[in-house]
Amino acid sequence: MDGGAVDKRGVKRALRERLRAERAALPAEGRAVVDAALAARVATLPAFMEASAVLSYLSFGDEVDTRVLIGQALAAGVPTALPRCVPGTRDMDWYGVTSLDGLVRSRFGIDEPAPDPQRLVDVAALGERVVALVPGLAFDERGYRIGYGGGFYDRFLATFPGVAVGLCREAALRRDLAAEGAYEAHDRAVDLVVTETRVIDCR
């Protein structure tokens, strides 16, 4: 195995641990205020306001909250889908939802849509106006991210045809993950990074 790859994975692992600890240390009330401001900024993005569909992670624990944005999309009648991890792979299937009721707890402890074939979304057919809200422990100003190590979103972003939006609190924003030794060739950048104070266009 390439020694550089081993080193980068070690760097990413250590960074993940530090970022998890820093995120967990943020007071819940402070997170709520930041996340409300962040959601308000996402809601005014032309890409979000004009989206033909919204694909969103469902926030878990101390992640940037997505429930308000999911609710706004549903209230506006925009087709909305949540991901379900495919066991034994690094793939995610997306299923259309009309509410957050009836979700199923996964082995990761995350609520996911039930695998209903009638609600399965063909992401490739959605076109360029679809928006995906992407999670991460941190993003940098070029759109690259530190995820949770599963590789699900890197695989998804490699073929995603629409606008990928990374949700990131300013406290977790990095200048350049590559300069920190935390970039690997398979990493995929998002198009926009949104924090509570700004929008960074990474295209």
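How much space lies in the second largest pocket? The second largest pocket holds about 270 Å³ of space, where a pocket is an open set of points, on a 1 Å grid over the protein atoms alone, at which a 1.4 Å probe fits and which has protein on both sides within 12 Å along at least five of seven lines, and where a volume is the space filled by probe spheres set on the points. It is lined by 16 residues, those closest to its centre being Met92, Trp94, Val123, Phe156 and Thr159, with lining residues defined by an atom within 4 Å of a point. The model is a predicted one, in which local features need pLDDT of at least 70, side-chain atom pairs count only at pLDDT 80 or more, and totals for chains, interfaces and linings use all residues. Residues are numbered from 1 along each chain as its sequence is written, and side-chain values use heavy atoms, without hydrogens and water.

In the largest pocket lies about 920 Å³ of space, and of its 36 lining residues Gly147, Tyr148, Gly149, Gly150 and Phe152 are the closest to the centre. Helix H1 gives the most to this lining, with 6 residues; helices (H or I, at least four residues) and strands (E, at least two) are DSSP runs numbered from the N terminus.

Seven strands form an open sheet with mixed pairing, in the order S3-S2-S1-S6-S9-S11-S12, two strands being paired if DSSP finds at least two bridges between them. S3 and S12 (199-201) stand at the edges with a single partner strand each, so one side of each is left without a neighbour in the sheet.
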